[in-house]
Amino acid sequence: MNRIQQLQQRYWARRFALQALYQWQLTGHGVDELLAQYATDENWTKVDADYFTELLRESINNINTLTARITEHATLPVARIDPVEHAILLYSTYEMLHKSDLPTEVIISEAVKLCKKFGALEGYKFVNGVLDKIAAQRGQ
């Protein structure tokens, strides 16, 4: 597999993670149920399945740590953050804290791209601001 294909599969893993975390927030469905559901999606072959699974599981398993970090830098209480932006912040904050091999710029760029596609009109600015602040502490 070439580098372009890898990047595309990671994009789809993040996109699915966004959608699954959004669904999790609204329905409370369990991780295994969500994984089974998304594995039947018509776009599943485009996804880095292992990365999607990691993002979903670890974002939910580390919800308290991730929420604390988001809360530290957000201008809104977490309960008032739009569920799409919240989902993006969860998996992106996980990446910031646990995926030191990923460039900060890639994490933020992908988050903003997905937020522009699925989030509120100006939501990407909020997500970008929070992630910039988390990035400033990355590696400390």
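**Ground rules**

I count a salt bridge when a side-chain nitrogen of Lys or Arg lies within 4 Å of a carboxyl oxygen of Asp or Glu. The model is predicted, so I take local features only at pLDDT of at least 70 and side-chain atom pairs only at pLDDT 80 or more, while totals for chains, interfaces and linings use all residues. Residues are numbered from 1 along each chain as its sequence is written, and side-chain values use heavy atoms, with hydrogens and water left out.

**Entry 1: salt bridges**

Side chains of opposite charge can pair when their charged atoms come close. How many salt bridges does the rule give? I get seven.

I started with Glu54 and Lys99, whose side chains meet at 3.1 Å, N to O. Glu54 sits in helix 3 and Lys99 in the loop between helix 5 (83-98) and helix 6, so this pair ties together parts 45 residues apart in sequence. For helices I use DSSP runs of H or I with at least four residues, numbered from the N terminus (strands would be E runs of at least two).

Is Lys99 buried or exposed? My scale calls a residue buried under 20% relative accessible area, exposed over 50% and partly exposed in between, with a 1.4 Å probe and protein chains only. Lys99 is buried at 14%, and Glu54 is partly exposed at 24%.

I also noted a network: salt bridges with shared partners join Arg14, Glu95 and Glu110.

Next I looked at Arg57 and Asp32, which form a salt bridge at 2.9 Å, N to O. Arg57 belongs to helix 3 and Asp32 to helix 2, and the two are 25 residues apart. Arg57 counts as partly exposed with 31% relative accessibility, whereas Asp32 is exposed at 53%.

**Entry 2: Asp48**

Where is Asp48? I found Asp48 in the loop between helix 2 and helix 3. Its side chain makes a salt bridge with that of Arg10 at 3.4 Å, N to O. Arg10 is in helix 1, and 38 residues separate the two partners. Asp48 is buried, with a relative accessible area of 19%, while Arg10 counts as partly exposed at 24%.

I then listed contacts (heavy atoms within 4.5 Å). Beyond its neighbours within four places in sequence, Asp48 is in contact with Gln9, Arg10 and Ala13.

**Entry 3: the largest pocket**

My pocket search runs on a 1 Å grid over the protein atoms alone: a pocket is an open set of points with protein on both sides within 12 Å along at least five of seven lines, and a cavity is a set where a 1.4 Å probe fits but cannot get out. Lining residues have an atom within 4 Å of a point. Points join across faces, edges and corners, and the volume is the space filled by probe spheres set on them.

The largest pocket has a volume of about 280 Å³. Its lining has 16 residues, and Arg3, Gln6, Leu7, Arg10 and Leu102 lie nearest the centre. Helix 1 (3-27) and helix 6 (104-118) are the elements that give two or more residues to that lining. Which element gives the largest share? Helix 1 does, with eight residues.

By class, I see six nonpolar, three polar and seven charged residues in the lining. Here Ala, Val, Leu, Ile, Met, Phe, Trp, Tyr, Cys and Pro are nonpolar, Asp, Glu, Lys and Arg are charged, and the others, Gly among them, are polar.

**Entry 4: the nonpolar core**

A nonpolar core is a set of buried Ala, Val, Leu, Ile, Met, Phe, Trp, Tyr and Cys residues joined through side-chain atoms within 4.5 Å. The largest has 44 residues, and those with the most contacts inside it include Phe52, Leu56 and Tyr91. Helix 4 (63-73) and helix 7 (123-137) are among the elements that give two or more residues to this core.

Tyr91 has contacts, outside four places in sequence, that include Arg14, Leu55, Ser59, Glu110 and Leu114.

Ser92 is in helix 5 and is buried at 0%. Past four places in sequence, Ser92 touches Ile107, Ala111 and Leu131.

Glu85 is in helix 5, and counts as buried at 2% relative accessibility. Its contacts outside four places in sequence are Cys115, Gly119, Ala120, Gly123 and Val127. Finally, I checked Glu85 against His98: 13 residues apart along the chain, their C-alpha atoms are separated by 20 Å.
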